[in-house]
Amino acid sequence: MLLYIDPGSGSYLVQMIIAGVLAGLFYFKNLWLKVKSFFTKGKKDEAAENED
Amino acid sequence: MINEPTAIQHHPASFKDPSGFIFKANGKFYRQINRSYAENYDLLMSSGLYKVLTEKKLLIPHTEVIDNANQSPDWYKTILPEQLPFISYPYEWSFDELKDAAMVTLRVLKIAVKHGMVLKDGTSFNIQFYEGRPVFIDTLSFEEYDETKPWIAYRQFCECFLFPLLIEHYHKIDAQKLLSVYLEGIPASTTAKLLPFKSRFKLSTWLHVYLQASVSAKNKPTSKPATASFSKTKLLNLIQSLQNAIKPLRVETSLQSTWNNYYDETILSKNYLDEKEKIFRDFISNINDGRTMDVGCNDGYFSKILAEKNRNIIAVDFDSQCVNKLYLDIKSGTTKNILPFCIDLTNPSPALGFNHLERQSFAERAKSDTVTALALIHHIVLSKNVPLADVARMFAELTINHLIIEFVPITDEKSKQLIANKATYHKPYSPEAFEKNFSSYFETERKAIIPGTERILYRLKKR
């Protein structure tokens, strides 16, 4: 496929690392939200607020 | 038939993407789609992505024109996008304009991913302001999404949006002006050196700036294609992380800039403003021109009066904080026909890019049917030392029909402040000299002294 911007091999690597860090973060965030919603039963999950 | 091929002008900024190009015919901008982009264009239309994005007013709508006007062998389709009233560039936007443009780009990307497509570029030039909000204008930026690939435009997005916003957020300076030098965005390595030490302690800044800068520096470009296995969840996480990083960024709007409390000052009483408004309303009442440019718009008080008649208003000021305030004001209000931009009339945006043709100069874009310049001329003549004759020529270049201009005499309190520490200024600076110089290009239709002051409001008609 013809691509007219050069993403640079570095950019792909950065995204791999960032995605790894974020996966860990979001995992713990979701875990925390589950614990929180267990104690504050029925309250709306923060993650559901996304409009798109 | 759009036009005879000889009359068609290929747009000089539209050459980077081989998927198609913009051309002008009969005074309208069209976009040719090349055969190489056919599958992606069809996917954009058939996946429902185009419909969702245009309904949400995130993408400029277009109609298809069945005409190979350029008689090009690569031709697949021609589209006619909704025409924009004014083209602006990122280095003319205020902080929140750039921030909203960034958020729109990420929203477009997120919705695209859900429809099996992705943005193949992430430049801020893909955004224009239309009806008071940023809108994505590059219909050919979408391509089929390969879930195993990271976002190809990630670095470009960071350099064009995130990095200037971060610099501005941390230092509270006009970082957008840098974008006229860094047309393709501010590199990560440069940003890392410009940001303060404390920014390292913010995880998102560390990841997107410092990590990116160090990884890019260590990885030499190779001719081998990058092989990395990504996933949709990872991409959505990345988008979320960019949104989270941009959302809290702020510039101080309460900070006193040069003019953002101009009208609050006691020296210019409420009475003066009321009297001026009365005359101004009278002067504009029977002008029904298309585009109006309010130069030196300040907080947009008079731009809003102009906007009442549903005209198309471009409001410019050199003070980016004033422009930002006005933008936020318009965004939260109901008036949508004012587009505010940061322009210094004594140093307007030049023509930039390849062959000086990619990005047009302000003068090439700015010609307006009506121009208004209130409480501005003393700044140009007395602060910036531009002789009256040159000021008159500049306004003549800018104006097609009418110019409404306020003359602030040398005896005025504001003029006195400007010359207080100056040995001299361009003389004569008087109503007579003003009228003489402007009469070379304009005839005076109306003239009124603003009661309680020595200031004069003129309505001039271009000869």
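For the helix pair in point 1, axes are lines fitted to C-alpha atoms over the stretch in contact, and angles run from 0 to 180 degrees between N-to-C directions. Please keep in mind throughout that this is a predicted model.

1. Let me start with helix 3 (residues 95-114) and helix 4 (residues 154-171) of chain B, whose axes come within 10 Å and cross at roughly 140°. The crossing of helix 3 past helix 4 of chain B is left-handed. On the helix 3 side, the contact is made by B:Phe95, B:Leu98, B:Lys99, B:Ala102 and B:Thr105. Facing them from helix 4 of chain B are B:Phe157, B:Phe161, B:Leu162, B:Pro164, B:Leu165 and B:Glu168. Sorted by class, this contact has eight nonpolar, one polar and two charged residues.

2. Next, the domains: chain B is divided into domain 1 (5-44 + 53-81), domain 2 (90-246) and domain 3 (262-462). The centres of domain 1 and domain 2 of chain B, taken over C-alpha atoms, are 26 Å apart. Domain 1 of chain B brings 17 residues to their contact and domain 2 of chain B brings 14 residues. On the domain 1 side, strand 3 (28-34), helix 1 (38-46) and strand 5 (75-81) of chain B each give two or more residues, and helix 1 of chain B gives the most, with three residues. That side of domain 1 of chain B has ten nonpolar, four polar and three charged residues.

3. Which residues of helix 13 (residues 388-398) of chain B are buried? They are B:Leu388, B:Val391, B:Ala392, B:Phe395 and B:Leu398. These residues lie on the same side of helix 13 of chain B because they cover an arc of only 125° around the axis. Among the elements they pack against are strand 10 (291-295), strand 14 (399-407) and helix 15 (431-438) of chain B.

4. A few backbone details deserve a look. The peptide bond from B:Lys427 to B:Pro428 is cis, with omega near -5°, and B:Pro428 sits in the loop between helix 14 (413-419) and helix 15 of chain B.

5. B:Glu131 has a positive phi, near 55°, and belongs to the loop between strand 7 (127-130) and strand 8 (133-136) of chain B. B:Glu131 counts as exposed because it has 12 C-beta neighbours inside 10 Å.

6. B:Asn355 also has a positive phi, near 60°, in the loop between strand 12 (338-342) and helix 11 of chain B. With 8 C-beta neighbours inside 10 Å, B:Asn355 counts as exposed.

7. Finally, chain A has one helix and zero strands. Of its 52 residues, 17% count as buried.

Conventions: Residues are numbered from 1 along each chain as its sequence is written. Chains are lettered from A and ligands numbered from 1 in the order in which they are written. This is a predicted model: local features need pLDDT of at least 70, side-chain atom pairs count only at pLDDT 80 or more; totals for chains, interfaces and linings use all residues. Domain bounds come from an automatic or database domain assignment. Two residues are in contact if their C-beta atoms, placed from the backbone, lie within 7 Å. Helices (H or I, at least four residues) and strands (E, at least two) are DSSP runs, numbered from the N terminus. Ala, Val, Leu, Ile, Met, Phe, Trp, Tyr, Cys and Pro count as nonpolar, Asp, Glu, Lys and Arg as charged, and the others, Gly among them, as polar. A residue is buried if 20 or more other C-beta atoms lie within 10 Å of its own, exposed if 12 or fewer, and partly exposed in between; C-beta atoms are placed from the backbone. The arc is that of the directions from the helix axis to the C-beta atoms. A crossing is left-handed if the near helix is turned anticlockwise from the far one by less than a right angle, and right-handed if clockwise.
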